[in-house]
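Colleague: I would like to learn how to read a model like this one. Please take me through it feature by feature.

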Amino acid sequence: MNALSFPGAVANWWRVSGRRTNRRTTGAPPTRRRGTRFLLMLVLGWVMWGAPSGWSVFQQYVSSHSYFAVTDIAIEAEAPFSPEEILTWSGLTRGMSVWAIDPQQVEARLLTVSGIRAAQVRREFPQQVTIHVQTRRPVAVIARPIVTYLDDSGESFTLPNQHPELDLPYVTGLTEVALDSVTARAALVGVLPLLPLATVWAEPLSEIHWDQKHGYTLFLARRHLTIRLGWETAPEKFAQVGMVLARLPVDEGASAVVDARFVNQVVVRPYLDDQGVGARTPARPL
């Protein structure tokens with residue numbers, strides 16, 4: 001008996017043995033019995049084919065057997081990605097051998113998709129694969145020709161198929177700067193402590209404008225105010241600006257500049273715009 005005919009002979013012998021066993025009442029389910037048979041076949045192959053070439057033939061036979069064909073791919077995906085998208089990006093298909101799947105390679109493939117923060121792939125023998133994907137959580141929209149988001153770790157990312165923009169503050173001033181540059185990364189990390197100010201001041205933020213020379217300037221969603229913070233992001237400065245905002249009258253037609261770039265001082269002055277306050281856009285701050 002040669003090496004190629006041995007696996008078939010062993011399989012036939014076990015099939016006959018299986019039919020005889022079925023005549024009796026056994027406690028092991030069919031799946032467990034089949035798994036035991038393969039384990040014993042593996043041991044027999046190792047004993048009879050101790051040589052590396054024999055083991056290679058046996059390994060090839062087992063890996064191509066239909067018993068290990070994937071029948072279930074369980075996907076746990078967070079919005080905005082669908083299980084169908086995750087399956088496509090993973091490169092996995094039902095029917096492929098579970099032995100042919102390298103979880104680390106599949107994880108690396110998924111992490112190339114912008115918007116995916118973490119991926120975990122697990123093989124569950126004999127016929128199942130589980131994929132769990134964590135997505136990046138957007139906290140702001142970066143004004144770019146392509147819709148780009150900022151996540152809560154300071155990383156920028158895009159989403160496939162240009163998903164609709166969310167109701168989030170805009171970050172402007174980085175249109176001409178490469179987002180993977182040291183300058184842009186530092187600017188985006190500096191944006192993160194400014195986002196909670198919407199809660200501290202009880203005023204939703206409309207825009208955070210970054211300038212390489214002058215630092216950060218903030219705009220509110222419900223009031224025509226320009227808040228110049230510069231490079232000052234200390235909690236004490238935020239508290240000072242909050243006290244000033246509480247004392248300013250809420251007038252939809254009035255606009256003013258709140259300059260907080262001074263030490264222990266906040267200067268407020270009216271802003272005169274010949275074109276009207278409605279002329280400001282995220283690309284044209286006050």
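Modeller: Begin with a cut-off. A residue is buried under 20% relative accessible area, exposed over 50%, and partly exposed in between. Glu-155 has a relative accessible area of 29%, so Glu-155 is partly exposed. Keep in mind that this is a predicted model.

Colleague: Now helices. Which residues of α4 are buried?

Modeller: The general idea comes from the helix repeat. An α-helix has 3.6 residues a turn, so residues three or four places apart point the same way. In α4 (residues 83-90), the buried residues are Glu-85, Ile-86 and Ser-90. Seen down the axis of α4, they fall within an arc of 130°, so they line one face of the helix. The face turned away from that side carries Glu-84 and Thr-88, both exposed.

Colleague: What covers the buried residues of α4?

Modeller: The cover includes β1 (72-77), α5 (103-111), β2 (116-124) and β3 (128-135). Look also at what follows α4: Gly-91, with a positive phi near 80°.

Colleague: How is strand β10 paired with β9 and β11?

Modeller: Take each side in turn. Strand β9 (residues 215-220) joins β10 by four bridges, and the two run antiparallel. They form a hairpin with three residues between them. Tyr-216 stands opposite Gly-230 in β10. On the other pairing, five bridges join β10 to β11 (residues 255-262), and these two run parallel. There, Arg-228 has Asp-259 in β11 as its bridge partner. β10 (residues 224-230) is mostly covered, with six of its seven residues buried.

Colleague: And in which sense do β11 and β12 pair?

Modeller: Antiparallel, over five bridges. Val-258 stands opposite Val-268 in β12.

Colleague: Which residues of α6 are buried?

Modeller: Ala-184, Ala-187, Leu-188, Gly-190 and Val-191 are. Seen down the axis of α6, they fall within an arc of 155°, so they line one face of the helix. Their cover includes β4, β5, β6, β7, β8 and β9.

Colleague: Last, salt bridges. How many are there?

Modeller: The test is a side-chain nitrogen of Lys or Arg within 4 Å of a carboxyl oxygen of Asp or Glu. By this rule there are nine salt bridges. In one of them, Arg-136 meets Asp-151 at 2.7 Å, N to O. Arg-136 lies in the loop between β3 and β4 and Asp-151 in strand β5, so the pair ties together parts 15 residues apart in sequence. Asp-151 has 0% relative accessibility and counts as buried.

Colleague: Which residues are linked with that pair in a network?

Modeller: The network of salt bridges links Arg-117, Arg-136, Arg-137, Asp-151 and Asp-152. Within it, Asp-152 and Arg-137 meet at 3.4 Å, N to O. Asp-152 is partly exposed, at 32% relative accessible area.

Colleague: What is the salt-bridge partner of Glu-155?

Modeller: Arg-185, with the closest N and O atoms 3.2 Å apart. Glu-155 lies in the loop between β5 and β6 and Arg-185 in helix α6, so the pair ties together parts 30 residues apart in sequence. Arg-185 is partly exposed, with a relative accessible area of 39%.

Terms used. Residues numbered from 1 in each chain as written. Predicted model: local features only at pLDDT ≥ 70, side-chain atom pairs only at ≥ 80, totals over all residues. Heavy atoms only, no water. Buried < 20%, exposed > 50% of the residue type's maximum accessible area, 1.4 Å probe, protein only. Arc of directions from axis to C-beta. Contact = heavy atoms within 4.5 Å. Pairing = 2+ DSSP bridges.
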